[in-house]
Amino acid sequence: MISNNMKFAMTAAFAFGLAACSHTPPVADYPATANPVEEIQKLDADLHTAADNQAAVLSPKMYRKAGDAFGDAKQYQNKGKENKDVLKQIAISRAYLNETNKNMTGVQQTIPEVVKARHDAVLGGAMVQQKEELAATDSKLRDYTENVEDGKNKIDQADREEMKNSYLSIEVAAINRTRLAEARTLISQARKQGAERLTPKSLTAAEMKIKKVEDTITTDRHNVALLDQVTKDATDEARHALELTQLARQAKGESPEQIAMEMDAKKTQLNQRDSALNTATGEVKLRDTELNQKDQQLAVVAGTNDKLEKDKQFNDSFEKARKEFDPEQADVYRQGDNLLIRLKGLNFKSGRAELSGDSFPLLSKVKNVMTEVRTENVVVEGHTDAVGSKEANQKLSAARADAVAKYLVSENAVEQGKIKSEGYGFSKPLASNKSKEGRAQNRRVDVILTLSK
């Protein structure tokens with residue numbers, strides 16, 4: 001428990017919006033149009049992020065309440081309750097989660113050395129290797145953080161040091177167990193087979209390597225590359241000690257000549273094995289070369305097939321779009337990997353950019369195409385004829401393109417961030433502006449669709 005001796009007490013330099021967890025924090029309700037399924041998915045991800053950031057010990061009460069409300073939201077959804085009831089529980093959970101994050105930030109600012117020490121202990125494997133010790137120290141930390149949630153944000157310096165040192169000890173012990181498990185098992189087996197009597201030098205060498213790992217964990221435990229190397233050295237030395245012990249046991253009672261003959265036979269056997277390995281290595285290299293060549297051939301085929309499949313998908317989308325419009329309404333073209341819908345049937349009044357009522361059926365068809373072919377991004381281009389000044393036509397073309405873009409967004413055909421509008425005035429004519437027909441052809445709005453891959 002947190003000590004009552006407040007001689008070395010510290011007052012945290014932060015203030016939480018929640019003085020106590022006996023009431024619900026301010027809840028920001030979701031709009032009725034919100035999608036409960038999507039909001040539950042987002043909240044679930046955020047709760048997991050909070051858990052990774054140690055929410056269960058840094059703000060236990062608030063995090064527990066956030067989880068309870070989240071569970072109620074999922075239960076409501078599974079039981080088919082109205083969306084507003086599900087969204088209400090999501091909003092409550094989100095409110096508690098916001099308080100959780102505020103509390104965690106405050107604790108991290110007040111006792112950063114304790115929070116970091118616990119984080120390092122968890123990364124070092126304490127949840128598996130030092131489970132009971134971690135739980136005991138976590139209990140002390142929760143005593144403090146629960147007091148913080150209740151507005152009592154004070155802690156003894158001695159308690160801070162005790163928790164930090166406890167987590168450091170837990171981290172070192174967890175890394176030690178994880179890193180040296182195999183080496184210690186091998187040493188134990190060697191001892192049981194008489195290593196202290198038969199191969200004492202090899203046993204001592206292995207134990208010295210283990211000691212080096214222990215020292216490295218104490219002084220440089222976060223240097224992963226160094227730890228990997230010394231751990232491997234210790235494991236190899238321990239395995240060597242066991243193998244020598246087993247050989248020494250087999251050699252008991254044999255004459256020096258018998259031992260020499262066995263060693264010679266072993267040497268011959270090793271030479272034969274090396275020769276076989278060299279031959280096999282050459283065969284493997286040859287096979288690897290052949291496989292690499294086949295992989296390259298397959299990659300070319302796969303790339304070709306992928307391109308053909310993408311072309312087929314695009315052509316299918318093109319045909320769907322083309323069939324949607326009458327010839328006097330719009331033309332559909334392929335522009336590289338994009339789909340271009342050239343709208344001819346938008347009847348803007350002369351010099352105006354407001355959409356007329358008879359334009360909406362045509363734009364509704366554009367929306368249908370965008371939904372049908374799974375559009376990723378959209379560019380709306382406005383174009384005019386050459387009647388009037390350059391500046392006036394530029395402004396008019398941009399306004400008309402913007403009007404079409406805003407309509408598509410309002411109809412949920414595309415998200416606001418995935419569409420943009422541009423005006424080109426009369427800078428990109430399709431026909432001569434000297435004839436009435438040419439000018440009519442140049443007055444147009446192009447909708448360019450980038451399809452989802």
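Buried means under 20% relative accessible area, exposed over 50%, and partly exposed in between, with a 1.4 Å probe and protein chains only. The notes below use these cut-offs.

1. **Basis.** This is a predicted model: local features need pLDDT of at least 70, side-chain atom pairs count only at pLDDT 80 or more, and totals for chains, interfaces and linings use all residues. Residues are numbered from 1 along each chain as its sequence is written, and side-chain values use heavy atoms, with hydrogens and water left out.

2. **Confidence.** pLDDT is the predictor's confidence in each residue, from 0 to 100. Its mean for the chain is 84, and 87% of residues reach 70 or more. Residues 1-22 have a pLDDT below 50, yet this stretch has 51 contacts in the model beyond near neighbours in sequence. Contact means heavy atoms within 4.5 Å. Where pLDDT is low, the predicted coordinates should not be read in detail.

3. **Overall make-up.** The chain has 15 helices and 7 strands. These are DSSP runs, numbered from the N terminus: helices are H or I with at least four residues, strands E with at least two. Of the 453 residues, 35% count as buried. Among contacts with a separation of 6 or more, 75% join residues 24 or more positions apart.

4. **Strand 5 and its partners.** Two strands pair if DSSP finds at least two bridges between them. Strand 5 (residues 375-383) pairs with strand 7 (residues 444-451) in the antiparallel sense, over 8 bridges. Val-380 has Val-447 of strand 7 as its bridge partner. Strand 5 also pairs with strand 6 (residues 419-423), here in the parallel sense over 5 bridges. Val-378 stands opposite Ile-419 in strand 6. Between strands 5 and 6 the chain passes through helix 14 (residues 390-410), a right-handed β-α-β crossover. Right-handed means that, with the strands pointing away from the viewer, the path from the first strand over the helix to the second runs clockwise.

5. **Gly-423.** This residue is found in strand 6. Gly-423 is buried, at 16% relative accessible area. Its C-alpha is 4.7 Å from that of Gly-382, 41 residues away in sequence. Leaving aside residues up to four places away in sequence, Gly-423 touches Gly-382, Gln-394, Ser-397 and Ala-398.

6. **Positive phi.** Most residues other than glycine have a negative phi. Gln-54 has a positive phi of about 75 degrees. It is found in the loop between helix 1 (36-52) and helix 2 (55-58). Gln-54 is buried, at 9% relative accessibility. Asn-412 also has a positive phi, near 60 degrees. Asn-412 lies in the loop between helix 14 and strand 6 and is exposed, with a relative accessible area of 68%.
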